[in-house]
Each structure stands twice: as structure tokens, then as C-alpha cells.
Amino acid sequence: MKPEELLYTTTHEWIHVATDPSGAKIGTVGISSFALEALTDLVFIELPQVGQRVQAGRRFGEIESVKAVSDLYSPVDGEIVAVNSAVAKDLEHLADDPYEKGWLIKVRITDESGLTKLMDYAAYQRQCEQEMKDA
């Protein structure tokens, strides 16, 4: 997935939405390279279980670096259908390739209206530029 093809939250999570063979919308969720650069040296990630329900804007896990612990927030409402256990075992997957190997969870979306509140790539870039100026 290319960063330009994704939608973003204000808290730096991204989502890629696809339709599975049954017609359900599945969102692949991860964290942006901008956020990973800010966190730097990752030491731990906590991810939820398959079957857990998530709500847009609510915490689904956390990521810890040597600098800070940050919550991870779901961009959509739904049910977790997959968790990337490879990332939990080896955080290098996340740091090296946040948009392919570094995805975190896959969610069967139950309410697509949340997608309208997310930013496209251009809007997200503007937010990141503003955060850098404010830092």
C-alpha cells in the first residue's frame, strides 16, 4: 500500500479499505511513518485479540518506545478479524515497512460513516507539517 492511497486519523493511524469476497468492508490499520519517526526506538507493542470489537476514536492497543508510551486508536467501528502477530514479535517489521509488513490489525467495518471523518494523504501531510512547526 502506498501512503497516498490511505486515509488517516489525527492521531497518526492509517487505514486501507478493501472489500472481501463476501462483500464486507475490511480495513487494514497501521501507524504512519511520521508517528514512528517521532517515537524512535520501539520496545513494545500491545495489540488486541481477534474477535474484539473496536470503536472509532477509541483505544485498541499501545506502542512503547524508549521515549514514551502512546495509545493506538481505531479509525473505524468494527470487529477485529486479524492481528499482525509478526509485528508484536519483531518491531523491526513496523519500523522498516509501516505500510506493508507493519500493518497492525484488520477490522470488519460495521459503520462506514466513520471513514468520512478521516483525512486523505494531502490533508494528513498538512497536519504533520503543522505539528513539526509547533514542536
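**Exercise 1. Is His-12 buried or exposed, going by its relative accessibility?**

Work it out, then find what surrounds the residue.

Step 1. A quick note before starting: this is a predicted model. The relative accessibility of His-12 is 10%. Buried means under 20%, so His-12 counts as buried.

Step 2. Now place the residue. His-12 sits in the loop that runs between strand S1 (7-8) and strand S2 (13-19).

Step 3. Next, list the neighbours. Leaving out residues up to four places away in sequence, His-12 touches Gly-30, Ile-31, Ser-32, Phe-34, Ala-35, Tyr-124, Gln-127, Cys-128 and Glu-131.

Step 4. Pick out one of these, Glu-131. Its side chain makes a polar contact with the side chain of His-12, at 3.1 Å.

Step 5. From C-alpha to C-alpha, His-12 and Tyr-73 are 8.8 Å apart in space, though 61 residues separate them in sequence.

**Exercise 2. Which residues have the most contacts inside the largest nonpolar core?**

Name them, then look at one of them, Ile-45.

Step 1. This core has 24 residues, and the ones with the most contacts inside it are Ile-31, Ile-45, Phe-60, Ile-63, Leu-72, Leu-94 and Leu-104.

Step 2. Ask which elements supply the core. Those giving two or more residues are strand S3 (25-31), helix H1 (33-39), strand S4 (42-46), strand S6 (59-65) and strand S9 (105-111).

Step 3. Check whether there is another core. A second, separate one has 11 residues, including Tyr-8, Trp-14, Trp-103 and Tyr-124.

Step 4. Go back to Ile-45. Setting aside its neighbours within four places in sequence, Ile-45 is in contact with Glu-62, Ile-63, Leu-72, Val-87, Ala-88, Leu-91, Leu-94 and Leu-104.

**Exercise 3. How many aromatic pairs does the structure hold?**

Count them, then describe two.

Step 1. There are 3 aromatic pairs.

Step 2. Take Tyr-8 and Tyr-121. This pair is tilted, with 6.3 Å from centre to centre and 50° between the planes. Tyr-8 belongs to strand S1 and Tyr-121 to helix H4 (residues 121-134), so the pair links distant parts of the chain, 113 residues apart.

Step 3. Compare their surroundings. Tyr-8 has a relative accessible area of 1%, so it is buried. Tyr-121, at 25%, counts as partly exposed.

Step 4. Now take Trp-14 and Tyr-99, also a tilted pair: 5.8 Å centre to centre, with 40° between the planes. Trp-14 is in strand S2 and Tyr-99 is in the loop between helix H3 (92-96) and S9, so the pair ties together parts 85 residues apart in sequence. Both Trp-14 and Tyr-99 are buried.

Step 5. Finish with a cluster. Tyr-8, Tyr-121 and Tyr-124 form one aromatic cluster.

**Exercise 4. In what order do the strands of the 6-strand open sheet stand?**

Step 1. The order is S1-S2-S3-S9-S8-S5, and the pairing is antiparallel.

Step 2. Find the edges. They are S1 and strand S5 (53-54), each with a single partner strand, so one side of each is left without a neighbour in the sheet.

Step 3. Zoom in on S2 and S3. These two are joined by 7 bridges, and Val-17 has Gly-27 in S3 as its bridge partner.

Step 4. Visit Thr-28, also in strand S3. Its relative accessible area is 8%, so Thr-28 is buried. Beyond its neighbours within four places in sequence, its contacts include Trp-14, Trp-103 and Ile-105.

How values were computed. Residues numbered from 1 in each chain as written. Predicted model: local features only at pLDDT ≥ 70, side-chain atom pairs only at ≥ 80, totals over all residues. Heavy atoms only, no water. Core = buried A, V, L, I, M, F, W, Y, C linked by side-chain atoms within 4.5 Å. Buried < 20%, exposed > 50% of the residue type's maximum accessible area, 1.4 Å probe, protein only. Helix = DSSP H or I, 4+ residues; strand = E, 2+ residues; numbered from the N terminus. Contact = heavy atoms within 4.5 Å. Polar contact = N/O pair within 3.5 Å; in protein donor to acceptor, adjacent residues only side chain to side chain. Phe/Tyr/Trp six-rings, centres within 6.5 Å; stacked < 30°, edge-to-face > 60°. Pairing = 2+ DSSP bridges.
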